[in-house]
Amino acid sequence: MAPSFDQSANTVCVMDASGQLGTSLVQRLLQRGYTVHASAQSHGIEQFNGISADPNKLKIFRSDPFDYHSITDALRGCSGLFYTFEPPQDQPNYDEYIADVEVRAAHNVLEACAQTETIDKVVFTSSATAVVWREDRKSMESDLDERHWSDANLCRKFKLWHGMSKTLAERTAWALAMDRGVTMVSINAGLLMGHDDLFCVKNPYLRGAAEMYEDGVLVTVDLGILVDTHICVYEDVSSYGRYLCFNHVINTHDDAVRLARKSLPTPPSMPLSCDQGKSLIQQRISNKKLNKLMVNFAG
């Protein structure tokens, strides 16, 4: 059983709070008694109007990952940070440029955490795409897990920008956290399935989906599960390192078709199994470490 945790004594920051995960984290943290600094890009500020009955429990900050002072302002007085990267609205395509933006943002945020004396822990949202893209993934005897890292050069070669971006940004964050003595835990999330379970085929996670499917490593995570995971790894003092987070593996043709239909209008191509449905592809990815941690979590 994890040690008891007094949420009411804690002020935490959610950055970037403008995305689906960030918004949901803000709401759940408020429900659990936290005071929350919601740090959002300017286009996401209005969505927080009226979500807290106590105006003293929610403070809104406009964030810019390249404005160091805006980051430190949002972190001031906080004991923890939940950090997730949201691409700028004026850059709709996930490409090599966005990878550079994400890496520099991660560096700035971790440096700001190192300079904020009250910060006790950072929960850094990464992706399963920072795990699965390896040259040896088909020949490995063991399943992929959080001990493995994607090959950034392989990602660059095949234009897997999401995997490259998440890998380089997470490595940057870990290097800085270790160098500056910042306590950090990262969550390598599967493809996020939100409230409406619909997403655009341009979702950068889906580039290479056919290959992930064939390799048994195409995984998804429900929004509620991902939110619970973030809170659990923050509150549990025994959490450490990286955690792969998913609750569904796409490993039958029927699964693949259902996923493709949710990404209309142009579904990603998926290889056909011989019986057009039930043939099972062996799962080659494991989240046992997270499952063990979550056993006693009271959501």
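1. What share of the 299 residues in the protein chain is buried? Buried residues make up 56%, where buried means under 20% relative accessible area with a 1.4 Å probe, protein chains only.

2. This is a predicted model, in which local features need pLDDT of at least 70 and side-chain atom pairs count only at pLDDT 80 or more, while totals for chains, interfaces and linings use all residues. Residues are numbered from 1 along each chain as its sequence is written, and side-chain values use heavy atoms, with hydrogens and water left out.

3. The protein chain has 9 helices and 10 strands, taken as DSSP runs (helices H or I, at least four residues; strands E, at least two) and numbered from the N terminus.

4. Strand E2 (residues 35-40) is largely enclosed by the rest of the structure, because 6 of its 6 residues are buried. Thr35, His37 and Ser39 point one way from E2, and Val36, Ala38 and Ala40 the other way.

5. E2 pairs in the parallel sense with strand E1 (residues 11-15) over 5 bridges and with strand E3 (residues 58-62), also over 5 bridges; pairing requires at least two DSSP bridges. Ala38 is the bridge partner of Val14, and His37 stands opposite Lys59 in E3.

Terms used: Buried < 20%, exposed > 50% of the residue type's maximum accessible area, 1.4 Å probe, protein only.
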